Structure formats: structure tokens, C-alpha cells
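Here is a friendly briefing to read alongside the model. Keep the viewer open and follow the topics one at a time.

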Amino acid sequence: MLSKFFDKVKEGLSRTRAAMTETIAAIVPIGTRLDDDAIDDIEAALIGADMGLETSTEIVDELRKRLRSEQLEDGPAGVMRVLEEQVAAMVALGEEGVLPLEGVLPGKPYVVLIVGVNGAGKTTTAGKLAKRYTDAGKKVVIAACDTFRAAAIPQLEIWAERAGADIVRAQHGADPAAVAFDALEAAKARGADVLLVDTAGRLHNKVNLMEELKKIRRSLAKHDLGAPHETLLVLDGTSGQNALIQAREFNQATELTGFALTKLDGTAKGGIVVALRREMDLPVKLIGVGEGVDDLQPFDGAAFAKALFAE
Amino acid sequence: MFNRLSERFDDIFRSLRGQGRITERNIDETLREVRRSLLEADVNFKVAKGFILRVKEQALGQDVLKSLTPGQQLVKIVHDELVGLLGGSNSPLKLADLPPTVIMLVGLQGCGKTTIAAKLASQFKEKGRPPLLVAADMYRPAAVEQLQTLGTSIEVPVFSQPAGSDPVEICRLGVDEARKTNRSVVILDTAGRLSIDEEMMHELDRILQATSPHEILFVADCMQGQDAVETAGRFYERLAFSGCVLTKFDSDARGGAALSIREVTGQPIKFVGTGEKVGDLEPFHPDRMASRILGMGDILSLVERAEQVIERDKAQEMEEKLRTASFTFEDFLDQLQAVRRMGPLEQLMGMIPGAGKAMKGMQVDEGAFSQVEAIIRSMTRQERVQPKILNGSRRKRIARGSGTSVQDVNQLVKQFQMMQKMMKQMSRSKGGRKKMKMPFAG
């Protein structure tokens, strides 16, 4: 499991890794001590990976301390090791960090609410997740609660068909909370194991749309007190520091249980994960490292850090 | 979206105000803060570094103008430099001498290409240039259907081909179709792709060769992080795009990445997408945006929008009324509707100088507008013109009629009276700036 994840992530993040390794190798010539300029450059490289100013400063401060107190091996290898350890510690997850994908699920149906800003990859994530669950032998129902965007429902229908999942939908413009409610009812009636609720993309600073999300949540809970069991915020892996604000706002509106980070197969470095973990006590549960169905993977902090820095 | 950056600059420059002159030391501290806020705004770290260096050079080499304090001077330098970074002046789309003008949209997945395609088409249509939309995204499920739905809603034809067709061929045929059917603009909506996906990037090369577009617009999400520079750089290397469209501009992202894209590719930002509706597309004005970043507000955009929706005669009439303080509930209703036509209040607030800071954390409740409207509409004509006659039983009736409470009615009447009083004062002390309290916010 772990090694498969590592390979996928490594592959997905290969550009990132190459860039980080190269940058740091260029900054830290073998056999010389790190001076302040070099440390500033390392900080810049971390900022360049979207880790954010505060997180990056924290990391290099720690690096400086360790340089003073321990004998690190010369050159980039030593620096990389320290950086990897730090990032790994920052993104490390507990038990709650794992999204159950097989075996007995804590809830029947196990309700997963998928939220996020426009274009983050919610529908694709819902589709891939549906496939994973059906592959694991689960009966899956998808609720098409994006009743706003043009052709959002047909897009989800195609995914549902690929995954072999049922879909519950309403007309364009229907009340998404009502669709969610009906879908949960249908999922129960059909004895489904999993209900995936795909919602419309919304910017976190739109009050009305965030209220709508709360309503979807309430209507699910009305049917089943435990639902939704998971509320995943889908974050675009290329996003910058605004992701922190998104996370905060969505968490306030819907009590998130974790993140799904998408589009990590590009040149983006996904450093926002580190900043996110530092600010919020919520796990990254899934990451998307490609367009294929299998490219949605459970997140593993240690492997992520390793993929980012290991040579 | 630049509001947060403006706020930071507000704080930074406040500490500079009241200092005698720009010295190496105080400027260093300030510029470190400026750099910090640029980085926090996702401006690429290399771009930020260059920016700071340029500002510093200029600031130290310049004599402080007599009319300005050193703080103001630095604001001016930062502002000018920011305008430069953002691209000088607004650059409109280039149109072909011989129609159809071919516009090709490119970008990453989920950046908003399809929405922008529809928005652009709608704008061309309004200007009397009939557009044709071409659905060239054969990869994302239901992408063609999305464009068709949008096309139907704005009554613009959409050219598409059955699933599995070659996108290059679709684009070529689409342009032919536009020529045959006398459309003046063709908008090619291509699939989202990663800049490192060689095969997909090659497809863009081929579309480029097959259609020779007049404009290639790189569509970018303004919430992007540091990688925006890398992505834009790669797309630019490959396609030499002619401009950029920023989407999700109505978010609270600081949008620094957008500044970097501009700096790295040298191509202008031509439009910004400001909402989910088809009409939410605006030309990008670097100078105004720089002012907004510096907390000077974007009064020009506000005025322009007001002009679009308020007829000139009416505005003059209103001014007269304000001056003579013969303002009634009737006028109030008119104004309310005009303001609502200008767009969501949240958007307007961001354009008012200083409002960004003052309104921080305040939720502007659009519903309050509807309530006020309902109350006024439940008044008789006489009551609207002569609010004085509003006694207890009239108020009770109005509350029932508008589905509100008597307290709500009382509050509105009180606010209205305050407004009238303020207007009297204002017309008396002309030019004296009085603090206006928003009558129905909060």
C-alpha cells in the first residue's frame, strides 16, 4: 500500500522534486557551510513551493538551529534530510487521517459530502471516489447536488456510469438540499453502502452560497444524525495561500473532516499542504496525482515529504 | 480580491506617515514589509524581489517632492511601480480586419475557460458582433454539453462535433462555419491541460496552425499560487499568447500570482471574471487596480458602473433633490433599485476607498435591501412623499403589508429622517466632507 502510494506520488511530484532538489543543491554547494544568504535562498525555495511565508520561516529557523546544534553531513544531502524530517513531522497524520475505502464503513450508507471552490475538481474527485468504492465491492449512490453549473449533472452521470454507481438527480436549478435529502433516502431504500454528495463550486466569500451548503448539511443530518460522516474540502493543488482562507471558511460553514488535494501531477508543488497542516488540525485524506481513476490516492505524510525532498 | 493586500499596505504606510524623510533605514524596514505582503499575496518570490529592488532604487535616488510627505512619496513610487507591473493601461482585444476574429482560449483544468468563453461571446453579441462558440474540449465529460447549455442561455450558436472527433479538426471546421455564416467572432474553447503534457500541448500547436487565431488568451485562476509563473511561462513559450484573463476575481484571493504572470510573460491582463453570471466580465484596468491595492479605492470603476445603470437625466434630477433636501421615499426606492442594478453590494464596497478596511468582517446583507424595498412598496404614494404622516396605525399596516415588524418600519423611517437631515447639512456646508452612514447596512 505504502510503496504503491509512494511511487504514484513520486511520479506525480517528480517535477516538483527535481526542482526542489536542484534548487537546494544549487544553493548548498558540497563542502561549504550554510551562510545567511543560502538560508534565505532555501526559504525562498520553500515559499516558491507555496508553503507560505510563515511556514517557510519556521522551517528555516529550525534548520538554522539544527545546523548549530548538530553535525550535519555536508552539502545538500544533510539539508534535505532536515527539511524532509521537518515537513514529515508537520504533515504527519493520526488515525483519523485515513478515509476508509474498504472493509466495514462507519455508517450505512457512509455519507461523504464533497465541497470546494469552482474548478477545484469536486466532480472528478467524486467520480474517482465512486469508482474506488465500487471496485471495493460497495454499492454507491451519487447525489448530483450541483444544480447550478451548466452540464454539471451530465458530467457526473458519465462518471457514475464509468464507476457503475447510481445517481440521484433533479432538474437544473433545483434546491440542492432537497436533492441531498432525496438521495440519502434513495440510498437507504436501495441498501447502498456509500452516498457521495457532489455540490456546486462556490467561492468561500459568498455568504448565500455558504448558507446553502449549511442547509445541505442540515438536510442530510435530518435524515441520519451521523450524516455526513465525511465532509471533504477539495483543494486545487496549484492554489496559493488563499487555500488557507478557503479551508477556514468552509470549515466554519460545514465542519470539514479533511481535505482532498487535486492536480498534483502538474508543476505545482503542493506545499500548501504543509501550511494547511500547520494552521489547521485537519488531515489531508486524498490526493489526486493524475487524470486516471487510480490516480486518486490516500495521502501519506511521510511519503509526501520523502517525495518532495528525497534524492 | 486585492482588498487584503490594500489593508496590509494601509498598515505599513501608516507607520511611515509623520516621518521626516526617506532614509535607507526606514525604507528598508518598510520595504521588507512590502515584500512580505507581496509574498503572502502569492506574488512569485522572484518577481517580488525585483519589485522591491526597483522601488528602493527609485525611492533613494529621488528628491522628496515638496508637496508630499516621505510616506506619500513612497506610496506613489510603489503605486507607479505596481501599475507598471500590472501592465500600464488597459489593452482591449485585437479584432481582425477581415472577420471572423478568431479567439482561442487556453489554460489549466478548472481555471474557467468555458465560462469565460460564454461571457466573451455574450459581450460580443451585445456589441453587435455576432459570435460563434466552438466546443473543442473532447476530454472532460460533458464539457461540450456545458458550452451548449451556456450558448443556448445567451442565444449564441455553438459549433460541435460528435464525441471522439479531433479537436484540431473541430476548430478548423468551426472557423470555416463562422466564415460561411458571417459570424464576426469565433471563440475556441479548448480543453484544460497541464503545461507539461507534451501530447496535449502539441494539440494546441496544431490548433494554432490550423486556425491562426488573432488573440490567444491564457485563462488563469487568480487563486493560484507560486506555480502560476511556471505554468504561464510554459504556455507562453509554446503559444506566445497575446493576453490573459483572470478568473474568480470575486474571491478574496490576493491574486499576487496574476501580477507575476504579467511580469513573467509580458502579456497584458485583458479581462477579469467577477462572478458566476454571464455578464460578470470586466476589462482589467491596471492603474485602477494598483490604486485599489494601495487602499485608494477604485472609484473610477464605481463611477463607470453607476453611469451604466443610472440615466444621466435622472442623476441630475437626483442631485437637485439632494441639494434642496426634497428627497422622498419614492426617490429612495429609485436609488435603491439603481444601486442594486450596479451589482452585488459586496463588489461595490470593495471599490470605495477606505471601505475595504471599514467594512472588514461585515456581512452585507442583500436581503436587507429586499426588506427595505418591501416596506417602501407597502406605503401609499402620499406616505412616500410625506413621511411625516406615518402614524402608529399606518406603520402597523405597512408592517403587515410588507411582512415585516413595526420595529423594522420604525427603524427605516428613522434612518430615512437621519439621511434627510444629513443631506440638509451637506447642502449647507458644500464641499465639507461629512461622514455618511450607510442607512441600511449591518
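## A helix in chain B

This is a predicted model. Helix α6 (residues 143-154) of chain B has 12 residues, and from its first C-alpha to its last it reaches 17 Å, close to the 16 Å expected at 1.5 Å a residue. Seen down the axis of α6(B), the buried residues fall within an arc of 160°, so they line one face of the helix. The points below start with that helix, then turn to a strand of chain B and to chain A.

**Around α6 of chain B**

- The buried residues of α6(B) are B:A143, B:V144, B:Q146, B:L147, B:L150, B:G151 and B:I154.
- Which elements cover that buried side? The cover for the buried residues of α6(B) includes α5 (113-126), β2 (131-136), β3 (158-159) and β4 of chain B.
- On the face of α6(B) turned away from its buried side you will find the exposed residues B:T152 and B:S153.

**Strand β1 of chain B**

- Strand β1 (residues 101-107) of chain B is mostly covered, with seven of its seven residues buried.
- Both faces of β1(B) are covered. One side has B:T101, B:I103, B:L105 and B:G107, the other has B:V102, B:M104 and B:V106, and all of these are buried.
- Strands of a sheet pair through backbone hydrogen bonds, either parallel or antiparallel.
- In which sense does β1(B) pair with strand β4 (residues 185-190) of chain B? The pairing is parallel and runs over five bridges, with B:T101 standing opposite B:V185 in β4(B).
- β1(B) also pairs with strand β5 (residues 215-221) of chain B in the parallel sense, over five bridges. Here B:I103 stands opposite B:E215 in β5(B).

**The sheet of chain A and its helices**

- Eight strands of chain A form an open sheet with mixed pairing, in the order β3-β2-β4-β1-β5-β6-β7-β8.
- The edge strands are β3 (166-168) and β8 (296-298) of chain A, each of which pairs on one side only. From one strand to the next, the twist averages 25°.
- Strand β6 (residues 258-262) of chain A pairs with strand β7 (residues 284-288) of chain A in the parallel sense over three bridges. Look for A:A260 opposite A:L286 in β7(A).
- Helix α10 (residues 242-254) of chain A packs on the sheet and touches β1 (110-116), β5 (230-236) and β6 of chain A. The direction of α10(A) makes about 160° with that of β5(A).
- Helix α7 (residues 152-163) of chain A lies across β2 (140-145), β3 and β4 (194-199) of chain A, and runs at about 170° to β2(A).

- A:L195 is found in strand β4 of chain A. Is A:L195 buried or exposed? A:L195 is buried, with a relative accessible area of 0%.
- Leaving aside neighbours within four places in sequence, A:L195 is in contact with several residues, including A:Y110, A:V112, A:I142, A:L184 and A:L220.
- A:L195 and A:E291 are 96 residues apart in sequence, and their C-alpha atoms are 22 Å apart in space.
- Where is A:H204? A:H204 sits in the loop between β4 and α9 (207-223) of chain A.
- A:H204 is buried, with a relative accessible area of 3%. Not counting residues up to four places away in sequence, A:H204 touches A:V117, A:M210, A:N242, A:I245, A:Q246, A:E249, A:F250 and B:D252.

**The chains as a whole**

- Chain A has 12 helices and eight strands, and buried residues make up 61% of its 311 residues.
- Chain B has 20 helices and eight strands, and buried residues make up 53% of its 442 residues.
- In chain A, 78% of the contacts with a separation of 6 or more are between residues 24 or more positions apart.
- In chain B, among contacts between residues at least 6 apart in sequence, 74% join residues at least 24 apart.
- Chain A exposes about 11,800 Å², with carbon and sulfur atoms supplying 48% of it.
- Chain B exposes about 20,600 Å², and carbon and sulfur atoms supply 50% of that area.

Terms used
Residues are numbered from 1 along each chain as its sequence is written. Chains are lettered from A and ligands numbered from 1 in the order in which they are written. This is a predicted model: local features need pLDDT of at least 70, side-chain atom pairs count only at pLDDT 80 or more; totals for chains, interfaces and linings use all residues. Side-chain values use heavy atoms; hydrogens and water are left out. Buried means under 20% relative accessible area, exposed over 50%, partly exposed in between (1.4 Å probe, protein chains only). Helices (H or I, at least four residues) and strands (E, at least two) are DSSP runs, numbered from the N terminus. Two strands pair if DSSP finds at least two bridges between them. The expected span of a helix is 1.5 Å times one less than its number of residues. The arc is that of the directions from the helix axis to the C-beta atoms. Contact means heavy atoms within 4.5 Å. Accessible areas come from the Shrake-Rupley method with a 1.4 Å probe; for residues, only the protein chains shown count as cover. Axes are lines fitted to C-alpha atoms, for helices over the stretch in contact, and angles run from 0 to 180 degrees between N-to-C directions.
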